[in-house]
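Subject: Structure handover

Hello,

Here is the structure we talked about. Please open it and keep it beside this email while you read.

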Amino acid sequence: MKKALIYLLVSIIACNVQIMYANDNCSMCYNISDSIWIQWYADSLDTNVEILEMRNEYMFCRLASEKSTEFVSFLNKCMNEANANKIANELQNPVNDDIDVGKCIRNVKRSKGDHQFKRWLIQQLRKKESI
């Protein structure tokens, strides 16, 4: 029942949010909240292509934005075993080819917070660069 409710909520939001390319002016970062974004990691949503694309776009949009420090801190707090592999996979496979992975890495380096977590984020992003 809980997964069905989350799916319904996310589906409604997905219908109302325009997917935009991840860049400096990406308004998607400001149209939804980080808490909604983390709900998209529910197992029941892994087969929904629109949700998969939106959570990927949102993550890179936030990492490339001026407020990336807040998002890195949020990721650090919400990271758990259930979503760590999904987040790592998305960091290595951006949906949008125009994503500036180098800018994301620079923003993560500049952010404040747990150094071990930041190293992990950068390592995942660099795996994409080396492919």
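Predicted model: local features only at pLDDT ≥ 70, side-chain atom pairs only at ≥ 80, totals over all residues.

At what angle do helix 4 and helix 7 pack, and how far apart are their axes? Helix 4 (residues 49-64) and helix 7 (residues 101-110) pack at about 60 degrees, and their axes are 8 Å apart. That makes helix 4 oblique to helix 7.

Residues are numbered from 1 along each chain as its sequence is written, and side-chain values use heavy atoms, with hydrogens and water left out.

Now the terms. Helices (H or I, at least four residues) and strands (E, at least two) are DSSP runs, numbered from the N terminus. Axes are lines fitted to C-alpha atoms, for helices over the stretch in contact, and angles run from 0 to 180 degrees between N-to-C directions. Angles under 35 degrees count as roughly parallel, over 145 as roughly antiparallel, 65 to 115 as roughly perpendicular and the rest as oblique. Contact means heavy atoms within 4.5 Å.

**The whole chain**

The chain has eight helices and zero strands. Along the sequence, its pattern reads α-α-α-α-α-α-α-α. There are 131 residues, and 46% of them count as buried. Buried means under 20% relative accessible area, exposed means over 50%, and partly exposed is in between (1.4 Å probe, protein chains only).

The chain exposes about 7,500 Å², with carbon and sulfur atoms supplying 51% of it. These areas come from the Shrake-Rupley method with a 1.4 Å probe; for residues, only the protein chains shown count as cover. Take the contacts between residues at least 6 apart in sequence: 74% of them join residues at least 24 apart.

**Helix 4 and its partners**

Back to helix 4 and helix 7. Their crossing is left-handed. A crossing is left-handed if the near helix is turned anticlockwise from the far one by less than a right angle, and right-handed if clockwise. Helix 4 brings Phe 60, Leu 63 and Ala 64 to the contact, and helix 7 brings Lys 103, Cys 104, Asn 107 and Val 108. By class, that contact has five nonpolar, one polar and one charged residues. Ala, Val, Leu, Ile, Met, Phe, Trp, Tyr, Cys and Pro count as nonpolar, Asp, Glu, Lys and Arg as charged, and the others, Gly among them, as polar.

Next comes helix 5 (residues 68-78). The axes of helix 4 and helix 5 come within 7 Å and cross at roughly 125 degrees. The two are therefore oblique to each other. Tyr 58, Met 59, Arg 62 and Leu 63 of helix 4 meet Ser 68, Glu 70, Phe 71 and Val 72 of helix 5. This contact has five nonpolar, one polar and two charged residues.

Then look at helix 6 (residues 81-92). Helix 4 packs against helix 6 at about 75 degrees, with the axes 10 Å apart. These two are therefore roughly perpendicular to each other. From helix 4, the contact takes Leu 52, Arg 55, Asn 56, Met 59, Phe 60 and Leu 63; from helix 6, Lys 86, Ile 87, Glu 90 and Leu 91. The residues divide into six nonpolar, one polar and three charged.

For the contacts below, neighbours within four places in sequence are left aside.

- Met 59 lies in helix 4. It counts as buried, at 0% relative accessibility. Met 59 is in contact with Trp 37, Phe 71, Ile 87, Glu 90 and Leu 91.
- Leu 75 is in helix 5. It is also buried, at 0% relative accessibility. Leu 75 touches Trp 37, Ile 87, Phe 117 and Leu 121.
- Glu 90 lies in helix 6. Its relative accessible area is 7%, so Glu 90 is buried. Glu 90 is in contact with Tyr 41, Leu 52, Arg 55, Asn 56, Met 59 and Phe 60.
- Ser 111 sits in the loop between helix 7 and helix 8 (115-130). Ser 111 is buried, with a relative accessible area of 2%. It is in contact with Thr 69, Val 72 and Lys 118.

Best wishes
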